[in-house]
Every structure is written in C-alpha cells, then in structure tokens.
Amino acid sequence: MNTEKIAARRLSLEEVTKLGVKDRLFISAETAELKLPDCYVPAFLTKSGEDFEGGLITARTVFQEEVSCLPDDENEAGIYLADENGSVTIEVLQSAGVVLDLALFVPSGDKGALTALYAAARQAFGADVVQIWRQGLKEVPDVKVDIFEEQIPRGRKGSDSPKRDRRAVDTYPTRADFIEFSAGWKPVVEIHRPIVDDTPTI
C-alpha cells in the first residue's frame, strides 16, 4: 500500500462550512468494501459547506467515492486540511493509476490489430503493467447513423410532438451504448442522411 505522510489539522464543522467545492480536503479512505483504518484520501465537497444542513457533510474522493461524516463527532475520522503547522500527521493513500473505460474503434478489428494495440500500450507504460481486466468486443455494422435524445411523452398520445436533441452525428450505432441519456429521455437512432444544398450557384 502506497501512502504519504502529510502534516494536517482537523477542521471543525464551522470551518468546513466556509469551504467551497474547489478546496482540497482529506477524508477517511475507509469504505464498505475496503477497510483502511487511519488512512485518508484527497477529496472535495459535493457542494459548498454553507449549503449542508444538520452538520452532516458529504465529500467526493478523487477515487469517485462519496463519503458522509459529522466533522465535530469525535468518534468519526473527521475532515482534515493540509497544514505545515498542523498538530497531526496523517497517512494519505496514493493513486496506483487509472482504469480506462474506453470505446475504441479498430478498423477491420482483426486479431493482429488488437494485439498491436495492446503491445503499443505495454510498450508505452511498461511490460506487464497494462492489464486487461474486461474486454468486450462487438462487431460494428458499416453504416453511419445520427443519434438523438427524445423526450418520453407523458399524458395522452398525440397531444404534443416529443422534444428531440441531437447527441451524435454521422457516427456508428454502437456509440449509443456509451452515451448517458437524461432521465425521461430515450435514444433514437436514424440512418445518417447528408444534407444536400440544392441552392443554385452562379
């Protein structure tokens, strides 16, 4: 486990209420899945400190975990701020790297192309460092589409034409698998038809 010792001071609830969402904090690294006593991680408040009520503060760590705590509760790990003159030294968990969740399009998609892709990644970051934990291969039909987000109609049918927003133009249909659509909206995929301008020119 890679950690760094940092001089810090514990913040009271009153001090936390004066902080914003861009202020870097340190909160407990312990989660339901990972037991890490006396270890902290960098984090940021999910909203300005003054907007929290009841003394319960929620912060999001750099590892995208949301943690709630009562800063003034002595039985909880609390919230810390880096301070060279701080009265305590905390251990901060370091990042081991990132997991890439990508949608890659490999023309022809043959095994040789994929092998070359993985080999290039390992060469760039070190042999045996790049590990493929999840690999989902999906054939892509050779047709371009436009992807829209259409509001799901409410009430009687035919009362109003549904609203529509364009999300992707002239792309492959599998792109829809990687787009996050808004609540109450559904994806609509249509074959891409290039706009032809018939305006006569001189």
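Domain bounds, as used here, come from an automatic or database domain assignment. For this protein chain, which is seen here as a predicted model, that assignment gives domain 1 (3–95), domain 2 (97–125) and domain 3 (128–191).

**Where domain 2 meets domain 3**

The centres of domain 2 and domain 3, taken over C-alpha atoms, are separated by 24 Å, and nine residues of domain 2 are in contact with eleven residues of domain 3. The size of an interface is often given as the accessible area lost when the parts come together.

By class, the side of domain 2 that touches domain 3 has seven nonpolar residues, no polar residues and two charged residues.

**Salt bridges in the structure**

Side chains of opposite charge can pair when their charged atoms come close.

| Salt bridge | Distance, N to O |
|---|---|
| K5 and E91 | 3.3 Å |
| D146 and R166 | 3.5 Å |
| E150 and R164 | 3.0 Å |

In the pair of K5 and E91, the side chains meet in a salt bridge; K5 lies in strand 1 (residues 3–10) and E91 in strand 7 (residues 88–93), so the pair ties together parts that are 86 residues apart in sequence. K5 counts as exposed, at 60% relative accessibility, whereas E91, at 30% relative accessibility, counts as partly exposed.

The side chains of D146 and R166 also meet in a salt bridge, and because D146 lies in strand 8 (residues 145–151) and R166 in strand 9 (residues 164–171), this pair ties together parts that are 20 residues apart in sequence. Here D146 is buried, with a relative accessible area of 8%, while R166 is partly exposed, with a relative accessible area of 49%.

Strand 8 and strand 9 also hold the partners E150 and R164, whose side chains meet in a salt bridge; E150 lies in strand 8 and R164 in strand 9, so the pair ties together parts that are 14 residues apart in sequence. E150 is buried, with a relative accessible area of 12%, and R164 is partly exposed, with a relative accessible area of 35%. Elsewhere, R9, E15 and D83 are linked in a network of salt bridges.

**Two residues with positive phi**

Most residues other than glycine have a negative phi. Q64, a residue other than glycine, has a positive phi near 65 degrees; Q64 is placed in the loop between strand 4 (57–61) and strand 5 (66–69), and Q64 is exposed, with a relative accessible area of 59%. D170, also a residue other than glycine, has a positive phi near 55 degrees. D170 is found in strand 9 and is partly exposed, with a relative accessible area of 38%.

How values were computed: Residues numbered from 1 in each chain as written. Predicted model: local features only at pLDDT ≥ 70, side-chain atom pairs only at ≥ 80, totals over all residues. Heavy atoms only, no water. Contact = heavy atoms within 4.5 Å. Nonpolar A, V, L, I, M, F, W, Y, C, P; charged D, E, K, R; others polar. Salt bridge = Lys/Arg side-chain N within 4 Å of Asp/Glu carboxyl O. Helix = DSSP H or I, 4+ residues; strand = E, 2+ residues; numbered from the N terminus. Buried < 20%, exposed > 50% of the residue type's maximum accessible area, 1.4 Å probe, protein only.
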